[in-house]
Amino acid sequence: MRRIAKDERTRIRLTLNGRARSAETEPRTLLSDFLRYSLGATGTHVGCEHGVCGCCTVLLDGTAVRSCLTLAVQAEGRDVRTVESLAAPDGALNALQQAFQNHHALQCGFCTPGILMSFTDYLKRNPKPSEADIRDVLSGHLCRCTGYAGIVSALLEAANRIESR
Amino acid sequence: MPPLVGTPIRRKEDPALLSGRGRYADDLPTPAGTLHGHVIRSPHPHADIVRIDARDALAKDGVWAVITGQDLRKISDPFLVALKTPVHQWSLAVDRVRYVGEPVALVVAESRYLAEDAAELVRIEYRPLDAVIDAQAARVPTAPILHPEAKTNEISVRRFSYGDTKSAFARADARVALRTTFPRLSFTPMECYVVVAQYNSAEGSYDVLANFQGPFSTHPVMARALRVGGPKLRLRIPPDSGGSFGIKLSVFPYVVLIALAARITGRPVKWVEDRAEHLLAASSGPNRITEIEAAVTRDGRILALRLDQLEDYGAFLRAPMPGPLYRMHGAITGAYDIANVDVINRVVLTNKMPASLIRGFGGPQLYMALERLVQRIAIELDLDHLDVIRRNLVPAQKMPYRAAAGALYDSGDYPRAVATTTDSGRLDDLKRRRDAARANGRKYGIGFAAVVEPAMSNMGYLSTLLTAEARDRAGPKNGAVSMVTVNIDPLGAVSVTADVTVQGQGHETVLAQIVADQLGLRPEDINVVLEMDTAKDQWSIAAGTYSCRFTPGTAVAAHLAASRMAEKLKGIGAKQLNILPEDVELAQGKIRSRSNPDNAAPFGRIAGTSHWSPVMLPEGMAPALSETALWTPPELEPPTRDDRINTSLTYGFVFDMCGVEIDPLTYQVRVDRYVSMHDAGRILNPMIADGQMRGAFAQGIAAALYEEFSYSDEGAFLSGTFADYLIPTVNEIPPVEMLHQETPSPLTPLGAKGLAEGNCMSVPACIANAIADALGVADVRIPATPRRIHALMEGSGR
Ligand code: FES
Ligand code: FES
C-alpha cells in the first residue's frame, strides 16, 4: 500500500467514465470534491457531505458508493463511473434516464445523478425488482422536489424496459 | 393544430439534467485566482463579542483575510427592512451574537480546506447573555432584550377590524376558541447556497453570481447595504438551481458578505455553504402562535372571527419580513364567507435563526388555526365537521367574491369541489375504514381542510403592516409587474427570456409551450434562456420565482409578448405573401394563407426579415426582432385607508380529506388514505402541475409529521444534521389521490392560477384534524411525532 504523509500532495490516477485521468491532490480530499473540482466532473452533486442524502453517489468498480464518504486516494487505480457516462456519445438518453423524463421524476435535478447511479448498480444486480425493492433502495436518497412518486414510476418502467431487452 | 398549452409535454430541461450537464452555481467556472471563504459562526444563542484574535490564522500560508463585523461596519450599511425599528443587521455580527450559527467572521484563503483549517486558529471570546427562545416568553417585560435600542422584542403590533365583529360576537349563539401553534421548519433544498463575488475597484462595482431566487425587491436591499447604486451590483443567477422553495431568497446576506470580502481582499471570492451551516442558519419558516375565536350560530354558521397572531422571526427581521404574517391578510377568512373579522398581528424576535420565505408563506400557519377551529366548532356544537365546512364555504354564486379583509377571489366553485371529493364513494370508504378500525379498538380519525391558495403577490401587501398615515408618508406600493421578451434571430430562430429564476418548476418547458402556440412552432423550436443578469436582463422588484407568480404572472407576459410578435409577423407575412393580414396564420412552422395554405413561406424566412431587410417591413412597423410584454394586472390595488388589501391576483382552491390511524405500539401516525382536490384554473402542463402538487404534498407531510427545527430552552440548536432533522424518504410519503376541477381565472388571458403551494397549506391542517378526530383532543401539535402523540394519549387518559 502506498503511504502518503498528511500534508503531502499526491497524484491520484483513476479511470473516469472509461478514460484514464489523474490530478494532484491532498490525501484528505473527498472523492466528491476531487471529481468535481480536480477532474471537472460536476454532474456528481453534494447535498449533505455526511452520507445521508445520496446526491453524491457514483460507481466505484461498478458498486454504488457515496463519494462524500470516500477519499479520493481510495479511488486510486480504480474504475469510477458518474452520471456523465450514462447517455450515448450523441446525447441519447439510456433507458433509465429516459424513464425519468417520461415520468417527470425530476424537478431541480440535483438529487437525480445520485439516484441514477444507485439504480445503475442496483438494476444490474437485481433486474426484476418489486416496487418494495425499489422503494427500499430509493430510501437511501433524499429528494425535496418531487415527493418521489414520479421516481418510483420511472424506476419501475426502467426495470421493465431493461429486463425485456 | 391543437394547442400545446394544456398538454403534458415532456420537459425540455431534463436531458441536460439527466446527463450531468446541469449548470448549477457550483459547477460554473470561477475567475482565475478565486479565493474561498469559510464562515465562523456563533456557538452561543446570545452573547457579547469581547475579542476576536485572528493573528495565528493570518500567519498561515495562503490565508488572505479574517473579516469581522467591525470591518464590515466601516464599508457597509445594515439591511433595510419594511418596519422602521432599530433592529440593525449587517452580514456579520457586530458586537453581539443573537443566535447559534450567526456569522461572526469570514476566513478567506486560497482553498476551502485551508480556510476551514485557519478558522480553527481564530480565537473568539464571548460574554454569554441570557437568551430567550420561546415566543411568548420573549414578550414578557423581564425577558432578555435582543436589540436594546428597540426596547422590546415585540417590535410590531397591528390591529385590524373588518365589519362589525363586536356585535356579531354579542349576538352569536356560541363562541368557540382555540390556540394553535405552527413550528419552525425549512424545506432545505438539496443544493445549498453558493456565492462567487468580484469587485472592480476602478468602477466601485460588484459582480456577483449567486443561486438567489428573488424577489428582486431584495436587490435594492443588497445594493444599499453595499453602499452602491443598483447598476453597480450586477447579480447573476445561474441557469440551474438545486431547488429553493423560498429558502434561496436568504442567500442575500451572504451575497453582501462575499461581495465585501472580494472588495477587502481585492480578489474574487467564492463561498459554498455546507449542509451543517444550512440547517443551522440558512433560513426557517417563522413559528406562529394563533389565538383564534369564532362567533357562531347554533347550526355552525360563522358570524365573525378574531385572530391574535404572534409570529416569531428569530433574531432579526430581514426583508421582506414579516411577509408571512401579511401575505394571506386579504384572504384571512380562507374559503369561508365571513363578513366580520378582527386581527391582531404581532411580530416578536427571539434568539433563533432569522425566519424568512418558505413555500406556503403564511398559508400553513393561517390554515392550521382556521381549519382546526372549524373542526372544533363541529365538536363543540355537536355537528358534523363536513357540514360546518359546507355551511360556511363561499357560495359559487358570489364569485367573484370580495373577502372581508380585501382579497378578490377571482373564480371558483368550492361547494362543487367538496362534493366531487366526497362523492364516488370516497368519503364512504374513509368512514368504513374508520368504523372498522374503531370496532377493533384502534385509533382512527378523518380530517378535512379547505384552503384558498393565493398566487402572484401584490407588491403592496407588506405595506399593510404600516398604518394608513405611514403608508401615505412612504408613498404608494402596489401591483406586480411580469416581463417576458421574445426574440427572433437572423434565421428566424426564437428565443425567450423571462423574469423568473430557475428552481426546477419546468418554466422553460411551459414558456416554450406558450410561445410555440402563438408562433405556430414546436416547443423544441423555442430556446428559453432563464439565467438572469441584473445588468442586462429586464426585471422589476417583483421578479423571481416565489408565491406562485409564474402562472398568473410571467406565463401571461409570455403569452402577450408572443402574441404581439405573432401579430407583427402576420403583417410582414401578408406583405410578402401578397394577402391580407387577417388571412395570415402561423402554423406548423409556416407563415401562410389561411384560405390557401399552399401560399406559404417557412417561418424562419419571414421571421428573419427584420434582420435582413427592415426597409421592406410594412409601413410604420418597427422591426420584429424582439417583443417585450409587461403584465401589470390592475386588480392589485394598494391597501385601502381602512386596510383592506387584495393580497394576490388569483385564488385557487384546495380541498383535502384523509384518514389516519395511530399505531398503538409506536404511536406513529399512519396516513391510511389521502385525497386532494385542486382547482387552479386552467392547467398549462398537467404533468408539471401534478409534479408541483405532489412535491407540495410531500412537504406538507414533512411539516405535519416529521420536520422541525428545535432548540433547547437555553437556545442550543438541536437539528444540525439530516439525522436529527428528518426529511421524509420515499417510504414516509403516503400515496395521494389528486382530483382536479378547472374554473379559469377571468383576470388573466390564460386563466391559470398558482398551484404549487396549496398542499403545503392544507396537508398539515388536514392531518392535524384527523389526529384530533382519532384521539378526541383539541390541542394537536405538529410535527405529530410519536413522542407528541404518546404525550397526547397519556394526557387524555387513553
Ligand atoms: S453528499 Fe454524499 S450523501 Fe449527501
Ligand atoms: S429533483 Fe430536486 S431534489 Fe430531487
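I began with the charges of chain A: I looked up the mean positions of its 20 positive and 17 negative charges, and they are 2 Å apart. A reminder to myself: this is a predicted model.

Next, the size of chain A. I noted spans of about 50 × 30 × 25 Å for the C-alpha trace along its principal axes. I also looked up the radius of gyration, which is 16 Å; a compact globule of 165 residues would have one near 15 Å, so chain A agrees with that.

How do the elements of chain A run from the N terminus? I read them off as β-β-α-β-β-β-α-α-α-α. That gives me five helices and five strands. On contacts, I took those between residues at least 6 apart in sequence, and 55% of them join residues at least 24 apart.

Over to chain B, where I followed an open sheet. Eight strands form it in the order 3-5-1-12-9-10-11-22, and the pairing is mixed. Which strands stand at the edges? I found strand 3 (63-68) and strand 22 (532-533) there; each has a single partner strand, so one side of each is left without a neighbour in the sheet.

Last, I picked one pair inside the sheet. Strand 1 (residues 35-41) and strand 5 (residues 103-109) of chain B run antiparallel, joined by six bridges. I looked up B:His36 too, and its bridge partner in strand 5 is B:Ala109.

Note on methods: Residues numbered from 1 in each chain as written. Chains lettered and ligands numbered in written order. Predicted model: local features only at pLDDT ≥ 70, side-chain atom pairs only at ≥ 80, totals over all residues. Heavy atoms only, no water. Helix = DSSP H or I, 4+ residues; strand = E, 2+ residues; numbered from the N terminus. Rg over C-alpha atoms; globule rule 2.2 N^0.38 Å. Contact = heavy atoms within 4.5 Å. Lys, Arg positive; Asp, Glu negative; His and termini not counted. Charge placed at Lys NZ, Arg CZ, Asp CG, Glu CD. Pairing = 2+ DSSP bridges.
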